[in-house]
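Here is a quick tour of a two-chain model. Keep the viewer open while you read.

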Amino acid sequence: MSVTQWRRTPPEQAPGPSAFPGAAADGPTADGQVAVRLSEVSKVYGRGPSAVLALDRVSLTVAPGEFTCLIGASGCGKSTLLSLVAGLDQPTAGSISTEGRRVTLMFQEPALFPWLTAERNVELALRARGVPKAQRRERCAELLDLVDLGGFGGRRPHELSGGMRQRVALARALAQDADVLLMDEPFGALDAMTRDLLHEELERIWGQQRLTVLFVTHNVREAVRLGDRVVVLSSRPGRVIEEYRVPRQGPRRIDSPEVARLAATITDRLREEMSRHGD
Amino acid sequence: MATETRPAANQPAAKQATAIAGLDRLELGSAPQRRSPARVARSAWSAAWPKLLAIALILVVWQAVHLTGWKSYVLKGPGTVLPDLWGQLHHALLWEAIGITLRRAVLGYGLALIIGSVIGILVARIPLLRAAVGSIITGLQTMPSIVWFPIGIVLFGLSTPTILFVMVLGAAPSIANGLITGVDYTPPLLLRAGQTMGLRGFTLYRYLILPASLPAYVAGMKQGWAFAWRSLMAGELLVLILGQPSLGVLLNNDQNLQDFAGLGSLVIVILVIGILVDTLFTKADLAIRRRRGLLTPGTTS
């Protein structure tokens, strides 16, 4: 598909009806504050006949303190979207604004530096943003305590389990003192039991640190378990096709019936989208 | 605001922390065992006996050749050479020679290390430079160092700088290449992580790219040492400098005197120096791999 072709396609219909009647379809809070705003963002990889349209006029707003999950099948451009918000890549068209907020990105792999201990990994993030040496040590200890790794600062990444490494990566992300945390399937490589505990851990830290989270996953239940809002993307090209607001009424568990019910609805919607590609 | 409607965590935080701590302990298994003296001795022995066996085998073969009487007028057995070595070790001359040779080794290799590293980092960073000299560096690596001696002698005469010149030309390309390879093989995921952290320019190199390149860099240094040591030995045999009795000068003297025992002793000394330095590099390499978790449990030096 060429660049001129996809620009000419008629605009998509507005997002469909929400599974929760009465829920707002968009992120901004009553006072209109926005932490992340994507306006008609498109991303094309390559040029000429081999060009691939990864994202097609994606518009999305995330309110400060909101936990938004992005879900979609393969090829929906989820990771592309996070790279764009993180500023690692530039959109082909459209604009992205984080209103001057600091943004940080966590990957599916912990991506810790193997030659540094857990503590030094966190410290390097502090050093990169110019925290004076005297404060770094103290801040490191606080951050490792926050992710329940108080006694493990001296270990190297290979001496930690997968879940612990991902928590060090979370501490390192928090060390960057960002307001917006972008997470690219951060728990995708972990076993279910560890993942459940890390969901609780992340929820607790999100609450304590007043973070805005944009969380990409292909696990529907995980998205419903964690999100204030679940945004469904289509595949090839990636487009916002549906948004679901998830009411927070008391504690949520991945196996609670409300989560399962909404997850089933979203899964059906995703299947519908996938079968579009199967014809 | 969304933050106001936030619930407390599903479980009381303390209970959750306990569950996580328990899972961590289960996943890490038992604590690493302390290295008791008995364990250290056992691992030292298991590292040493294959080497001792190899030395014993060489001595046996050497003695067997000696016993056949082949070239018996010059070829001496270990029974003659080893006492000669023992005798030379009690003389100042051998130690003076070792001192002169090692001083040159340190100087030449040090120069090669500096020059090779500077070239390596420049070529790795600047694409134009890489396109220009990247393949020349690889080509230089395959050059037999002995062909540089005539040029060195013309430039510097029969002097120590000639030897150093050839050592640098032999070793620097390997060191540069090791560093370039290391920079090229820095995992892209780590680079992305570094970028999101805000590492740029000098700090990116200092804290991410150079540490990530260290294993390949050390491999290049090790190879560079081998080239430097060979060049040094060749140089000392070709460039005989009056008043500087190096190992090469002693070899040359023994050759002229047809002193097989003396030659054998010197070869053993040179071999031992080579092995000792190589052990240092191997130890450094093992330490790096151990830190990064790249060591399988059964590996020994």
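What follows goes through confidence, the two chains, their contacts and a few single residues.

First, the ground rules. Residues are numbered from 1 along each chain as its sequence is written, with chains lettered from A and ligands numbered from 1 in the order in which they are written. This is a predicted model, where local features need pLDDT of at least 70 and side-chain atom pairs count only at pLDDT 80 or more, while totals for chains, interfaces and linings use all residues.

**Confidence**

pLDDT is the predictor's own confidence in each residue, on a scale from 0 to 100. Chain A averages 83, and 88% of its residues score at least 70. Residues 1-25 of chain A are another matter, with pLDDT below 50, and beyond near neighbours in sequence this stretch has 31 contacts in the model. A contact here means two residues whose C-beta atoms, placed from the backbone, lie within 7 Å. Where pLDDT is low, the predicted coordinates should not be read in detail.

**The two chains**

Helices (H or I, at least four residues) and strands (E, at least two) are DSSP runs, numbered from the N terminus. A residue is buried if 20 or more other C-beta atoms lie within 10 Å of its own, exposed if 12 or fewer, and partly exposed in between, again with C-beta atoms placed from the backbone.

| Chain | Secondary structure | Buried residues |
|---|---|---|
| A | eight helices, nine strands | 47% of 279 residues |
| B | 11 helices, zero strands | 26% of 301 residues |

Along its principal axes, the C-alpha trace of chain B spans about 100 × 55 × 30 Å. Of the contacts in chain B between residues at least 6 apart in sequence, 74% join residues at least 24 apart.

**Where the chains meet**

On the chain B side, 35 residues are in contact with 38 residues of chain A. Helix 1 (13-28), helix 8 (188-197) and helix 9 (201-238) of chain B are the elements giving two or more residues to that side. Helix 1 of chain B gives the most, with 10 residues. By class, this side of chain B has 19 nonpolar, 10 polar and six charged residues. For that tally, Ala, Val, Leu, Ile, Met, Phe, Trp, Tyr, Cys and Pro count as nonpolar, Asp, Glu, Lys and Arg as charged, and the others, Gly among them, as polar.

**Cores**

A nonpolar core is a set of buried Ala, Val, Leu, Ile, Met, Phe, Trp, Tyr and Cys residues joined through C-beta atoms within 7 Å. The largest one has 88 residues, and V122(A), L182(A), L214(A), V230(A) and I266(A) have the most contacts inside it. Helix 5 (residues 162-175) of chain A supplies the largest share, eight residues. A second, separate core of 29 residues includes Y109(B), F165(B), I175(B) and W229(B). Back in chain A, the contacts of V122(A) outside four places in sequence include L143(A), V168(A) and A171(A).

**Strand 7 of chain A**

In strand 7 (residues 212-217) of chain A, six of six residues are buried. T212(A), L214(A) and V216(A) point one way, with V213(A), F215(A) and T217(A) pointing the other. Two strands pair if DSSP finds at least two bridges between them. Strand 3 (residues 67-71) of chain A runs parallel to strand 7 and is joined to it by five bridges, with L70(A) partnering V216(A). Strand 6 (residues 180-184) of chain A is also parallel to strand 7, through five bridges, and V180(A) has T212(A) as its bridge partner.

V232(A) sits in strand 8 (residues 229-233) of chain A. Why does V232(A) count as buried? Because V232(A) has 24 C-beta neighbours inside 10 Å. Among its contacts beyond four places in sequence are I71(A), I241(A) and I266(A).

R57(A), in strand 2 (residues 52-62) of chain A, has a positive phi near 45° without being a glycine. R57(A) is buried because 21 other C-beta atoms lie within 10 Å. D148(A) is not a glycine either, and has a positive phi of about 60°. D148(A) lies in the loop between helix 4 (133-146) and helix 5 of chain A, and counts as buried with 23 C-beta neighbours inside 10 Å.
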